[in-house]
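Have the structure open and follow along.

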Amino acid sequence: MKLLIVAVGQRVPDWAQTAWDDYAKRFPSELKVELKTVKTEPRGSKSLESLYAAERERIEAAIPRGCRIVALDERGTNLTTLALAAKLKHWQLEADDVALVIGGPDGLDPEFKKLAHERIRLSDLTLPHAMVRVLLIEQLYRAWSVNANHPYHRE
């Protein structure tokens with residue numbers, strides 16, 4: 001199974017890239033994690049709808065066919081770590097590759113979110129984009145560790 005993180009925005013601070021790399025290498029070979037970055041549409045005087053459309057096109061091009069699509073959305077389902085671990089286990093049992101999608105500065109196209117298989121939220125707080133990447137991969141690693149009875153997670 002593969003977890004594909006599709007994130008709008010190419011550049012993150014060094015600390016975020018270092019943290020991403022650290023967590024990514026911890027995953028076992030049977031659970032690959034991959035990051036695909038998608039170019040942010042230049043804002044200028046474009047309408048929000050045209051920004052959404054351009055980024056959506058890039059996002060959809062980055063996601064292989066057959067992937068389960070999980071949109072990160074501030075109005076998505078709120079999960080505990082144990083609930084995320086249960087979701088991860090379900091995805092693995094279904095043998096679905098999963099694309100978790102992080103939107104750009106304006107979020108994700110509303111229609112894209114509506115068509116996603118699932119919508120989840122990471123926090124009630126507004127988080128910087130780089131922090132979302134790190135928080136997501138850390139929580140995915142933590143979910144894997146729960147399922148593997150690895151001592152990383154403690155209750």
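Helices α1 and α5 run roughly parallel to each other, a label for angles under 35 degrees, while over 145 is roughly antiparallel, 65 to 115 roughly perpendicular and the rest oblique. Keep in mind that this is a predicted model, where local features need pLDDT of at least 70, side-chain atom pairs count only at pLDDT 80 or more, and totals for chains, interfaces and linings use all residues. Residues are numbered from 1 along each chain as its sequence is written, and side-chain values use heavy atoms, with hydrogens and water left out.

**α1 with α5**

- Helix α1 covers residues 14–24 and helix α5 residues 129–147; their axes come within 9 Å and cross at roughly 15 degrees.
- Helices here are DSSP runs (H or I, at least four residues), as are strands (E, at least two), and they're numbered from the N terminus.
- An axis is a line fitted to C-alpha atoms, for helices over the stretch in contact, and angles run from 0 to 180 degrees between N-to-C directions.
- On the α1 side, W15, A16, A19, W20, Y23 and A24 do the touching, and on the α5 side they meet A130, M131, R133, V134, I137, E138 and Y141; contact means heavy atoms within 4.5 Å.
- Sort the residues of this contact by class and you get 11 nonpolar, no polar and 2 charged (nonpolar is Ala, Val, Leu, Ile, Met, Phe, Trp, Tyr, Cys and Pro; charged is Asp, Glu, Lys and Arg; the others, Gly among them, are polar).

**α3 with α5**

- Helix α3 (residues 81–94) packs on α5 too, at an angle of about 75 degrees and with the axes 8 Å apart, so α3 and α5 are roughly perpendicular to each other.
- From α3, the residues T81, L82, L84, A85, L88, K89 and Q92 meet Q139, L140, R142, A143, W144, V146 and N147 of α5.
- This contact of α3 with α5 splits into 8 nonpolar, 4 polar and 2 charged residues.

**Aromatic rings**

- You can find 3 aromatic pairs in the structure: rings of Phe, Tyr and Trp (its six-membered ring) pair if their centres lie within 6.5 Å, and planes under 30 degrees apart are stacked, over 60 edge-to-face and the rest tilted.
- One of them joins F27 and Y141 edge-to-face, at 5.7 Å centre to centre and 80 degrees between the planes.
- F27 sits in the loop between α1 and β2 (32–38) and Y141 in helix α5, so this pair ties together parts that are 114 residues apart in sequence.
- F27 is buried at 8% relative accessibility, and Y141 is buried at 4% (buried is under 20% relative accessible area, exposed over 50%, partly exposed in between, with a 1.4 Å probe and protein chains only).
- Ring pairs also link Y23, F27, Y141 and W144 into a cluster.

**A71 in strand β3**

- Look for A71 in strand β3 (residues 68–78); A71 is buried, at 0% relative accessible area.
- A71 and E118 are 47 residues apart along the chain, yet their C-alpha atoms are separated by 6.3 Å.
- Beyond its neighbours within four places in sequence, A71 is in contact with V101, L108, K113, A116, E118, R119 and I120.

**Positive phi**

- Most residues other than glycine have a negative phi.
- A95, in the loop between α3 and β4 (98–102), has a positive phi near 60 degrees and is exposed at 60% relative accessibility.
- N149, in the segment after α5, has a positive phi of about 55 degrees and is exposed at 71%.
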